[in-house]
Structures are given as C-alpha cells and as structure tokens.
Amino acid sequence: MEEFDSRKVFKAGEIIIKQGDPGECAYIIEEGQVVIRHTDSEGNEHVLGTRGANAMIGEMAIIDNAPRTATIVALEDCKLLEINKKDFTRRLQSADSVLRMATQVILTRYRDTLTRAEIWGERYQWPPAEMVELSYAETNDAVQAITIANEFRDALLSKYVQLYYQPFVNLQTGEITGFEALMRWNHPKKGFISPAIFIPVAEESGLIIEASKWALHEACSALKRIESAFKSKNKLYMSVNFSSADFSSDDFVTSVYNTISETDVAPEQVHLEITERVLIMQPDRAKETLRTCRKAGMSIAIDDFGTGYSSLSYLHYFPIDTLKIDQTFVRDMHKNEHSMALVNSIVTLGQNMRMTTVAEGVEVKEEAHKLREMGCELAQGYLFAKPMSESDLIEMLKHWTPYKF
Ligand code: C2E
Ligand code: CA
Ligand code: CA
C-alpha cells in the first residue's frame, strides 16, 4: 500500500469522478460511502449502486484511456487512497510475466464486459443479464498471445531469435555510419515471424526486458566483429530498439553499463532508439534514465518521429540527439505534398534544435536526392541495404563503396 500512498479527502456531496472526463486514477475507499451514477445517451440517469470501505472505484482508468463511464459522488465525507495509472503500470510491469499476462487477460475481459454492458444498458435495462456470457468472445486472442509469449521465451533461450542489421548511410558522403539492430524470430515450424507480431506480445508479457538485454549484448558484440572485418574512417555505431517496459525495469541503466563494458564498445558507439510513447508514458523516469545514459556518452534517438503524440514540448524536456523520420512520411513524399512538407519541417526542426535527422524507409533514388537537398543527414532503407544477418552484412561490407548520389 505504501507505494500508492496518496490520500484524498472528499466532502459529502462532492463529485469524485465525472462521467466523460479523462481518467488517470482509481481509488480505494478507506472511509465513507459513494454513489455511482451513469447517464445514458438519452439523458436518463441510472443509479448503479453504492460502495463503501475497501471497495475500489474508477478502476478502468488505470488500464485504458477511455473516458469515465460513470459519475461517482461522495454520500458522506470520504477518505480515499489514490492509485494512479503510472504506479499501477510500473507494478504490473515488474510482475512475473505469467501473472501479468493473466492480469491483462482478466482486465481486458472485464473492459469488454463493461463496454458491452453499456451498449446493452442503453438499449435494454441496466445491467443486462447476458453481460457476463457476452464477454467470453474475445478470449481466443489472449490465449494466442500466451502461446506466442511462451514460444518466444523458449526461442530466446534456444537462439531461434537473432538480430539482423541495417546500415545508416550519410546522405552527403554516401558512407555507412552505423547499423540498427532488428530482431528476427525464425520459428522452427512457422518460419520467420514478424516483429510486428512478437514484439507487442513480448512487451505485454514482460519478456521484452530479457530480449532487449540479450539484443544489446549481441548487437555490441557483433559491432566489434563487424569493426574488425570492415575498416571505416569514422567509428561505427550500433542503434538498438528499446520499449517502454525496458525503461521501467529498475536495473536498466546498470545492465546497459555492464553490457557496454563487457563487450568493450565505447558508449559513444551505442545509440538507444525509443518511441515517443516511452517518453510520454513515464516522463520523469525516462528523463532520468536518458540523462544518465547520455552523460555516459550514449546517443538517444526518437523512432517513428511524427507518428506519436503531437506535443513538441517534450523535445526540450528530454535529452534527444536524433529524430528518425517515420517511413510512412518518407514513402509518401512524392505522392503527397503534405508528407513532403512534413519531412521538410522535421528536418528543419532537427537543424534548429541541433539534432541529427535520419530518414527511415528510403526505397528510391529520388527520395534520397530530395532528403539530401533538404539537409537530412542520414538515411536507412532498401535503396541502400535491407536488414541482414551478421554474416551477410560482413560479406556485403567487403564490397561496399560509398553510395553515389
Ligand atoms: P522500426 O524500429 O521502425 O524498424 C524499421 C522497420 O522498417 C524494420 O522492420 C525494417 O526492416 C523496416 N524497413 C527498413 N527499411 C525499409 C524500407 O526501405 N522499406 C520498408 N518497407 N521497410 C523498411 P522490422 O524489422 O519488421 O521491425 C518492425 C518493428 O519492430 C521495428 O520498427 C521496431 O519497432 C520493432 N523491433 C524490431 N526489433 C526490435 C527490438 O530488438 N526491440 C524492440 N523493442 N523493438 C524491435
Ligand atoms: Ca527503430
Ligand atoms: Ca522506425
């Protein structure tokens, strides 16, 4: 309980939660009584019940971003214990992966029950008798997710998971400056499984933390091997993707430090790729973590820039070195003048903020030329090289000459 130790007092008649408002926290009632009311789309009010000591209210807010579905008013003076979304998420993320998956399945099913109950409640009577049965329909997805998570855990141990590497190319000189490590899962029966499928499952199950540790270690070791096979004028770097769960793990920084020293790469050769989501979900923690990493010499890149949250104010708040322009904008540049304008604006923004800009998903020469003209510094994409295994990469690098624009 101490970790959620934020107490609130509401006087009799005060609104604790208002229907339609965004919700950021749930409460446990320590003392007092509350009433829960739901107003339907025709304006009719339904009293859903009352709650007293030890009951939890507003619980959906800590598992999703939907607005409050009911208004809760104090019937007498109430003392409440606040549980905010951030604390809850952090606790959940540090839980055992099976426990977490089970919790998420149950919570998702519960959300489903409530959503259906609202639809039925508006049309029929509140609460509908069928609501529990109706909620079972979605469980198949969850079972599949647990299966994938279990198989992924085994794959990590048995090395069916590998890293592929995709070069970054300097748009002025055509030289390779570094590589991004991308995870690949080669399933013995199902073949290659896309990261778009297994990364979200690994994130949800908590396995991503172990996977990321492995990836960083493997990528840094590979960089040493690549360096000895490919002599570059400048020091090459390795960019590794991290998820929000990695940042909530208490030993993240220690583990990154240890890996860097064990593999004997310079911290300057390690770039951390994160999405805006990581920053938004845990701003204070992320800031602290990124600061420490950057102080040690590592670089921080924002992945898929432009697709996440619209507020740009975070660019000031966090220590950021690189903006990676999402490939959807790059791909549309020639068909869509808005995408072209957006890419141009991001490049200018990067220049003004003294950040490096990288264009992702460059597939054709014209895109590379245009990006070069705009002043975008680096690019990645099939035009230069697809992600490939370490041995293919080393083979390719033997014959690599700077790209000619
Ligand atoms: P991402 O980090 O944005 O990676 C870029 C994706 O674009 C990669 O997909 C890459 O193969 C693909 N790509 C690169 N150049 C081109 C191009 O010219 N055209 C097109 N159409 N695609 C291109 P991939 O490898 O399937 O990875 C998908 C996503 O999975 C990644 O997006 C990243 O978010 C996640 N991911 C992959 N590996 C890891 C990992 O080790 N850790 C974490 N946390 N996430 C990872
Ligand atoms: Ca990336
Ligand atoms: Ca990306």
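This is a predicted model: local features need pLDDT of at least 70, side-chain atom pairs count only at pLDDT 80 or more; totals for chains, interfaces and linings use all residues.
The calcium ion (ligand 2) is coordinated by four side chains' atoms: Glu-180 (OE), Asn-241 (OD1), Glu-273 (OE) and Asp-303 (OD). Distant parts of the chain are linked here. Asn-241 belongs to strand 12 (residues 237-241), and Asp-303 to strand 14 (residues 299-305). The two residues are 62 residues apart.

Asn-241 and Asp-303 fall into separate accessibility classes. Asp-303 has a relative accessible area of 8%, under the 20% cut-off, and therefore counts as buried. Asn-241 is partly exposed because its relative accessibility is 27%, which lies between 20% and 50%.

The structure also holds 1 cavity of 30 Å³ or more. The volume of the largest cavity is about 60 Å³. Its lining consists of Ile-209, Ser-212, Lys-213, Leu-216, Phe-242, Asp-246, Ser-249, Phe-252, Ser-255 and Val-256. Two or more of these residues come from each of helix 6 (207-229) and helix 8 (252-263). Helix 6 gives the most, with 4 residues. By class, the lining of the largest cavity comprises 5 nonpolar, 3 polar and 2 charged residues.

How values were computed. Residues are numbered from 1 along each chain as its sequence is written. Chains are lettered from A and ligands numbered from 1 in the order in which they are written. Side-chain values use heavy atoms; hydrogens and water are left out. On a 1 Å grid over the protein atoms alone, a cavity is a set of points where a 1.4 Å probe fits but cannot get out, and a pocket is an open set with protein on both sides within 12 Å along at least five of seven lines; lining residues have an atom within 4 Å of a point. Grid points are joined across faces, edges and corners, and a volume is the space filled by probe spheres set on the points. Ala, Val, Leu, Ile, Met, Phe, Trp, Tyr, Cys and Pro count as nonpolar, Asp, Glu, Lys and Arg as charged, and the others, Gly among them, as polar. Donors are N, O and S atoms within 2.8 Å of the metal (3.2 Å for Na, K and Ca); water is not among the atoms, so sites may look incomplete. Buried means under 20% relative accessible area, exposed over 50%, partly exposed in between (1.4 Å probe, protein chains only).
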